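Reader: Hey, I've got a protein open on my screen and I'm a bit lost. Can you walk me through it?

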Amino acid sequence: MPHARPGQAIGLLGGSFDPAHNGHAHITREALKRFGLDAVWWLVSPGNPLKEHGPAPLEARLARARQVMRHPRVVVTDIEAQLGTRYTAETLGALFTLYPGVHFTWLMGADNLAGFHRWERWEEIMGALPIGVLARPGDRVAARMSPAARAFRFARLPDARSRLLARSEPPAWCLVNVPMVDASSSAIRAAGCW
Ligand SMILES: Nc1ncnc2c1ncn2[C@@H]1O[C@H](COP(=O)(O)OP(=O)(O)OP(=O)(O)O)[C@@H](O)[C@H]1O
Ligand SMILES: O=C(O)c1ccc[n+]([C@@H]2O[C@H](COP(=O)([O-])O)[C@@H](O)[C@H]2O)c1
């Protein structure tokens, strides 16, 4: 498990990373800058609980992720495999116990906010930690209009105040309009490059 000191602000980017690509690396660098984070941990998932087809083997996805994301403040991890968790709510519960005093922020692309209300215990997650959302081509409107965004409209931090997010009391979320990179794992798989 990676190291974190109490008081540090750590962003968590969960994903299938099947495979990792430049879009992931780009939003990670933007999240570090825009949300005032000390570090970001990639949580390479054993498998998205909502996806029917399992991803490529975890070892292969981790190896690719480590090639794609080389940054002194980013750690590529298999934390969920180590913890034996699959649902994000479970993973977070375990991390809060293991890292008391660490300020975790959950990171996601705008497409994930659009479907966030289908996640297990999503309202609890909203109440448990700040959520940083990064623009993704084609998904900003769906994200802003999503059931989760509407239900938690009162907890939205404006883009201009994004640097306060990591240390905000949850529920708190912020959608930042970063420059967008049009890359996706499904396009890479469809092109037969993985
Ligand atoms: N180009 C991108 N711009 C913004 N966010 C992204 C981008 N690519 C991935 N993300 C975000 O990174 C996280 C992990 O994404 P994931 O590993 O599912 O990749 P993906 O490209 O979305 O995969 P797929 O195409 O198979 O759905 C998600 O929160 C997703 O929204
Ligand atoms: O907990 C859930 O119900 C849940 C449902 C869908 C996705 N997630 C998490 O969302 C992250 C992004 O998943 P994916 O497959 O879109 O890359 C990853 O960490 C998943 O474990 C979590």
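Reader: Okay, which residues come nearest to ligand 2?
Author: Keep in mind that this is a predicted model. Around ligand 2 there are 15 residues, and those that come nearest are Gly 14, Gly 15, Ser 16, Asn 48 and Trp 119.

Reader: And which elements supply at least two residues of that shell around ligand 2?
Author: β1 and α4, which covers 88-98, each give at least two. Sorted by class, the shell around ligand 2 holds six nonpolar, seven polar and two charged residues.

Reader: What about ligand 1, which residues come nearest there?
Author: Ligand 1 has 18 residues around it, with Gly 15, Gly 23, Gly 109, Ser 185 and Ser 186 coming nearest.

Reader: Which element gives the largest share of the shell around ligand 1?
Author: That's α1, with three residues. β4, α5 (110-114) and α9 (185-190) also supply at least two each.

Reader: Let's stay with α1 then. How many residues does α1 have?
Author: Helix α1 has 13 residues, 22-34, and spans 18 Å from its first C-alpha to its last, close to the 18 Å expected at 1.5 Å a residue.

Reader: Which residues of α1 are buried?
Author: Gly 23, His 24, Ile 27, Thr 28, Glu 30 and Ala 31. Looking down the axis of α1, these buried residues fall within an arc of 170°, so they line one face of the helix.

Reader: And what's on the face turned away from the buried side of α1?
Author: Asn 22 and Lys 33 are there, and both are exposed.

Reader: What covers the buried residues of α1?
Author: The cover includes β1 (9-15), β2 (39-44), α2 (58-68), β3 (74-77), β4 (103-109) and β5 (131-134). After α1 comes Gly 36, which has a positive phi near 65°.

Reader: Switching topic: where is Phe 17, and is it buried or exposed?
Author: Phe 17 sits in the loop between β1 and α1. It is buried, with 24 other C-beta atoms within 10 Å. Its phi is positive too, about 45°, although Phe 17 is not a glycine.

Reader: Why point out a positive phi?
Author: Because most residues other than glycine have a negative phi. Arg 121 is another non-glycine residue with a positive phi, near 55°. You'll find Arg 121 in the loop between α5 and α6 (122-128), and it counts as partly exposed, with 15 C-beta neighbours inside 10 Å.

Reader: Zooming out, how many helices and strands does the chain have?
Author: Nine helices and six strands. The radius of gyration is 15 Å, close to the 16 Å from the globule rule for 194 residues, so the chain is as compact as a globular protein of that length.

Reader: What share of the chain is buried?
Author: Buried residues make up 40% of the 194 residues. As for contacts with a separation of 6 or more, 78% are between residues 24 or more positions apart.

Notes. Residues are numbered from 1 along each chain as its sequence is written. Chains are lettered from A and ligands numbered from 1 in the order in which they are written. This is a predicted model: local features need pLDDT of at least 70, side-chain atom pairs count only at pLDDT 80 or more; totals for chains, interfaces and linings use all residues. Helices (H or I, at least four residues) and strands (E, at least two) are DSSP runs, numbered from the N terminus. The expected span of a helix is 1.5 Å times one less than its number of residues. A residue is buried if 20 or more other C-beta atoms lie within 10 Å of its own, exposed if 12 or fewer, and partly exposed in between; C-beta atoms are placed from the backbone. The arc is that of the directions from the helix axis to the C-beta atoms. Two residues are in contact if their C-beta atoms, placed from the backbone, lie within 7 Å. A residue is near a molecule or strand if its C-beta atom, placed from the backbone, lies within 6 Å of it. Ala, Val, Leu, Ile, Met, Phe, Trp, Tyr, Cys and Pro count as nonpolar, Asp, Glu, Lys and Arg as charged, and the others, Gly among them, as polar. The radius of gyration is taken over C-alpha atoms; the globule rule is 2.2 Å times the number of residues to the power 0.38.
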